[in-house]
Amino acid sequence: MALSSKILLCFAAAMLSTLIVRFALRSKRDLWFKRTQSSIINQRGMLGQYLSLGYPATRQGLYVTLGLVLVIALECLAIVYLIPDQLS
C-alpha cells in the first residue's frame, strides 16, 4: 500500500474516532469542553459547530482528549506498521 494511501487511511480513522467520541459524549460535551465561536479565521457551518468537541475545560475533558489522542496515535501506528507496503 502506498504511503499516500496510508496517510488517507490514518486521516479517516482519526475522523471516525473523533465522531464516535463526539456522539458518545452527548450532553457531557457542553460540561467538559468549551468551544470558540466561528469568526473570519475559523469559519464553521452548523454541522461543524455541532460536531466540534472544542478544548477541554475540566479534568474529565482533559482525560477524554488525552484518551482520544492516544487512540488516534495507536490507530496510525497500527496502519503504518501492520499493513504491508505491497500487497501480493
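Contact is taken to mean heavy atoms within 4.5 Å. In the protein chain, residues 24 or more positions apart account for 59% of the contacts with a separation of 6 or more. The structure is a predicted model, in which local features need pLDDT of at least 70 and side-chain atom pairs count only at pLDDT 80 or more, while totals for chains, interfaces and linings use all residues. Residues are numbered from 1 along each chain as its sequence is written, and side-chain values use heavy atoms, with hydrogens and water left out.

Four helices and two strands are found in the protein chain, arranged along the sequence as α-α-β-α-β-α. Helices (H or I, at least four residues) and strands (E, at least two) are DSSP runs, numbered from the N terminus. The C-alpha trace spans about 50 × 30 × 20 Å along its principal axes. Of the 88 residues, 18% are buried (under 20% relative accessible area, with a 1.4 Å probe and protein chains only).

Helix H1 (residues 3–25) and helix H4 (residues 59–82) have axes that come within 9 Å and cross at roughly 150 degrees; these axes are lines fitted to C-alpha atoms over the stretch in contact, and angles run from 0 to 180 degrees between N-to-C directions. H1 and H4 are therefore roughly antiparallel to each other, a term applied to angles over 145 degrees. On the H1 side, the residues making the contact include Leu9, Ala13, Ser17 and Val21; on the H4 side, Val64, Leu68, Ile72 and Ile79 are among them.

Terms used:
Buried < 20%, exposed > 50% of the residue type's maximum accessible area, 1.4 Å probe, protein only. Parallel < 35°, antiparallel > 145°, perpendicular 65-115°, else oblique.
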